[in-house]
Amino acid sequence: MLKSPDFMRPMARGEEPAVDALITAAFNGKTEVQRVADLRKSRAIAGEMVLPMDGGIIGYAALSHMIAPKGWIALGPVAIHPDHHGRGFGRRFVGMITQWAQMSGQTVVVQGEAAFYARCGFTPISDGFTSPHPLDTILIAGPAKTKEKALSFPKAFH
């Protein structure tokens, strides 16, 4: 029988080294680790979620405050340990975040592989928005009601 991860939960203080190792393995380098460090240092982080399994951490997701629209949250980076790729853990992990956004009325924006995030419940952002990133790589979960149409991500995303 295949082992499944435990429930997603907020990252606990002291788990930063394990999360950094996970992100390094998932992205094959330190670029995303530095992005997370920059988000933490700038106090842009709204929350950090982990996916525990067998006493370790196999998944991580950062949620950060968008500069604009105010009140929106940016998802990223999202990491699943390479030893657990292809088993649907990432899709379910991001899907839980999507469900939380829809149930809470929170707007979450992600910039990344559109096909993957669409399978997790995100939808392409509607026309009329502008972004420093290509719009075909930006998806949204939750309500998109805002008068602000210019997306502005935390500095660490640039």
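**A walk through a predicted structure**

Hi everyone, let's begin with helix α3: its buried residues are F89, G90, F93, V94, G95, I97, T98 and A101. Buried means under 20% relative accessible area, exposed means over 50%, and partly exposed is in between, using a 1.4 Å probe and protein chains only. Helices (H or I, at least four residues) and strands (E, at least two) are DSSP runs, numbered from the N terminus.

A word on the source: this is a predicted model, where local features need pLDDT of at least 70 and side-chain atom pairs count only at pLDDT 80 or more, while totals for chains, interfaces and linings use all residues. Residues are numbered from 1 along each chain as its sequence is written, and side-chain values use heavy atoms, with hydrogens and water left out.

Back to α3. What do its buried residues pack against? They pack against β2 (45-53), β3 (56-65), β4 (73-80), β5 (108-111), α4 (114-119) and β7 (138-141). Contact here means heavy atoms within 4.5 Å. The expected span is 1.5 Å times one less than the number of residues, so the 16 residues of α3 (residues 89-104) should span 22 Å, and the end C-alpha atoms are 23 Å apart, which agrees. After α3 comes G105, with a positive phi near 75°.

Next, a pair of helices. The axes of α1 (residues 16-27) and α2 (residues 31-41) come within 8 Å and cross at roughly 140°. Axes are lines fitted to C-alpha atoms, for helices over the stretch in contact, and angles run from 0 to 180 degrees between N-to-C directions. Under 35 degrees counts as roughly parallel, over 145 as roughly antiparallel, 65 to 115 as roughly perpendicular, and the rest as oblique. Therefore α1 and α2 are oblique to each other. On the α1 side, the contact is made by E16, V19, D20, I23, T24 and F27, and on the α2 side by E32, V33, V36 and R40. These residues divide into five nonpolar, one polar and four charged. For those classes, Ala, Val, Leu, Ile, Met, Phe, Trp, Tyr, Cys and Pro count as nonpolar, Asp, Glu, Lys and Arg as charged, and the others, Gly among them, as polar.

Now the rings. How many aromatic pairs does a search of the whole structure find? It finds four. Rings of Phe, Tyr and Trp (its six-membered ring) pair if their centres lie within 6.5 Å; planes under 30 degrees apart count as stacked, over 60 as edge-to-face and the rest as tilted. One of the pairs is F116 with Y117, edge-to-face at 5.0 Å centre to centre, with 80° between the planes. Y117 and F122 have ring centres 5.8 Å apart and planes at 80°, so that pair is edge-to-face too. Ring pairs link F116, Y117 and F122 into a cluster. F116 and Y117 are buried, and F122 counts as buried at 3% relative accessibility.

Finally, some backbone details. The peptide bond from A68 to P69 is cis, with omega near -10°, and P69 sits in the loop between β3 and β4. Another cis bond joins G76 and P77, with omega about 0°; P77 lies in strand β4. Is R43 buried or exposed? R43 is exposed, with a relative accessible area of 73%, and its phi is positive, about 60°, although R43 is not a glycine.
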